[in-house]
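I opened this notebook to record what I looked up in the model, one topic at a time.

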Amino acid sequence: MDFSYSKTEQLFLQMIRSFAENEVKPLAAEVDEQERFPLETVEKMGKLGIMGIPVPKQYGGAGGTVQMYIMAVEELSRVCATTGVVLSAHTSLCMAPILEHGTEEQKMKYLPKLASGEWIGAFGLTEPNAGTDAAMQQTTAVDAGDKWILNGSKIFITNASYANVFIVMAMTDKSKGTKGISAFIVERGMPGFSIGKKELKMGIRGSATCELIFENCEVPKENLLGAEGKGFGIAMKTLDGGRIGIASQALGIAQGAMDETVKYTKERKQFGRAIAKFQNTQFQMADLKTKVEAARLLVRSAAWKKDNGIPYSADAAMAKLFAAETAMEVTTKAVQFHGGYGYTREYPVERMMRDAKITEIYEGTSEVQRMVIAGHLFK
Amino acid sequence: MNIIVCVKQVPDTTEIKIDPVKGTLIRDGVPSIMNPDDKGGLELALRLKDSCGANVTVISMGPPQADVMLREALAMGADRAILLSDRKFAGADTLATSYALSGLCRTLDYDIIIAGRQAIDGDTAQVGPELAEHLGLPQITYVADAKLLENGNLLVHKENEDSVQVLEVEGKCLLTVLASAFDARYMSVSGIMEAYNKEVEVLGADKIDVEEGKLGLAGSPTKVFRSFPKAMKEPGEVHEVTPEEAVELIVNKLKEKHII
């Protein structure tokens, strides 16, 4: 087994870390405070090819690996979890299903603009009554000859108000249950499609999380993604991949909180010495560091399997479950180590703790991850 | 247009310490980076490439580990990378280094040579100007901007301490560049994907136009006698007082320190 990064990955890490430190970190507090989508960062990422890392060159991507993509999500999230999830939703939830299930025409039409960052991608599955129970889709799509007519709404959609392309699930045949769900590529500006209210959130406050509204929305016939009735499978497979991205986001948040806490506890003096010198600090930090590294191995292993065409559904669920719970634990303890200062916005651990919580909820709650893992265990 | 850019791999001096006994740099565990002024030079070359389609060759002299820095240059957009690496170059001072680089440049087609103003490890600022002398080229140092004119000449801004000189240069020349004037681009992801598919040409002394006796330690008249960290000066104090009060203040300070 080779755990080292390849030479190409090392070069990539050097670039993405420097980009995160110099371009993303300085905006993180402002993006959170003002609940502002970091559009200027997305434009810079587009120019450098970060918005299309694992997309093959023939579709305008960089031709990189999933491993490199998750390194990017980790490094961005280490300094700004909002920027991390913008990239993750765009890559895993929009470009990946087009790449994996799209026709050649769909790939040629959408991927080059998405991979260059000219367009931003999003994914619509969740509805008010279809969260963890995603099969309870109420949004419908009716075959109207030369087009599909969509009606219904989606909620909690990451990137929504800035996205140009949405992968949307809708019922094409209610009588067939999950086998009656189909996937569609919906473009901003299609008649009858609008963006609803923006959520005010606890964390990742810069990411634009909104409602999608379909009122007799007309979607061209050729925008059906995959075969009719295969939408639920496409959604589940997309979420498998997405979980590696969110696991990396959680890992990045945890690592960022570790970095801040190591720095702070070395500087902060109480009882005449740095609090890093106390064994309580050292032992707790040693435990946290061990968990962060374990999470990193799970995340990298899941990405390695995806890169090599090996089934990774359970691996992605384990990586997300463990990384998300680690992020919550590390950030909560990081605030505790910072004491009163940690509870203020003067230090980034306050934001990191708020940002960490969502990783236990979206793209499948921790409970869903346990269902997926147990499903593989007892099949 | 063909542009040669000289780059050097240096320890990241923001993370370096000096051995208090030996007076030498402790390089263990210190990351190596592309010298910042050289990176600025590469950025200028790449901007000229963007605006008028130049061919950019990065050259360096150093141990085989410098390969990674040249890959970075390729990932930023350089077209070709050459590393001079040979035991015969070891122990070179600035004169022997610039001489070896001139031997390589004589084997290449070029219109402009760009070097960084100085390296953050040696801080001599000599290699660029010496290279120009070896090759008999006009040189402009401390360059903060350079553009290609329609007549094929270069319009160059040279930054002096308190002024800027605007110069037009005709024909081949060498420029030394300030990092602060050229915010270097990041490597692109597609550049990174290609960087290890390209070749970094590694050349020994026998492949360039030089006399061996002028290389390495043998060709180096400079010997470093000793280096040591400078003692940190205490921060100064600012007092806004009348001249009479100033006299009293200074006299008291001098008495305090037992100087008078």
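**Conventions.** I am working with a predicted model, in which local features need pLDDT of at least 70 and side-chain atom pairs count only at pLDDT 80 or more, whereas totals for chains, interfaces and linings use all residues. Residues are numbered from 1 along each chain as its sequence is written, chains are lettered from A and ligands numbered from 1 in the order in which they are written, and side-chain values use heavy atoms, with hydrogens and water left out.

**Interface of chains A and B.** I looked up the contacts (heavy atoms within 4.5 Å) and noted that 14 residues of chain B are in contact with 19 residues of chain A. The two chains bury about 1,400 Å² between them, 71% of it on carbon and sulfur atoms; buried area is the accessible area (1.4 Å probe) that two parts lose on being put together, summed over both. Of the area that chain B buries against chain A, Tyr186(B), Val189(B) and Met193(B) supply 48%, more than any other three residues.

I then checked for salt bridges (a side-chain nitrogen of Lys or Arg within 4 Å of a carboxyl oxygen of Asp or Glu), and the rule finds one across this interface. A salt bridge links the side chains of Lys57(A) and Glu194(B), at 2.5 Å from N to O. Helix 5 of chain B gives the most to the side of chain B that touches chain A, with six residues; helices here are DSSP runs of H or I with at least four residues, and strands are runs of E with at least two, numbered from the N terminus.

**Leu83(B).** I found this residue in strand 7 (residues 80-84) of chain B, where Leu83(B) counts as buried at 1% relative accessibility; buried means under 20% relative accessible area, exposed over 50% and partly exposed in between (1.4 Å probe, protein chains only). Its C-alpha atom is separated by 5.8 Å from that of Ile59(B), 24 residues apart along the chain.

**Arg296(A).** I placed Arg296(A) in helix 7 (residues 279-307) of chain A, and Arg296(A) is buried because its relative accessible area is 12%. Not counting residues up to four places away in sequence, Arg296(A) touches Glu74(A), Leu251(A) and Gln255(A).

**Leu254(B).** My last entry concerns Leu254(B), which lies in helix 6 (residues 243-256) of chain B and is partly exposed, with a relative accessible area of 31%.
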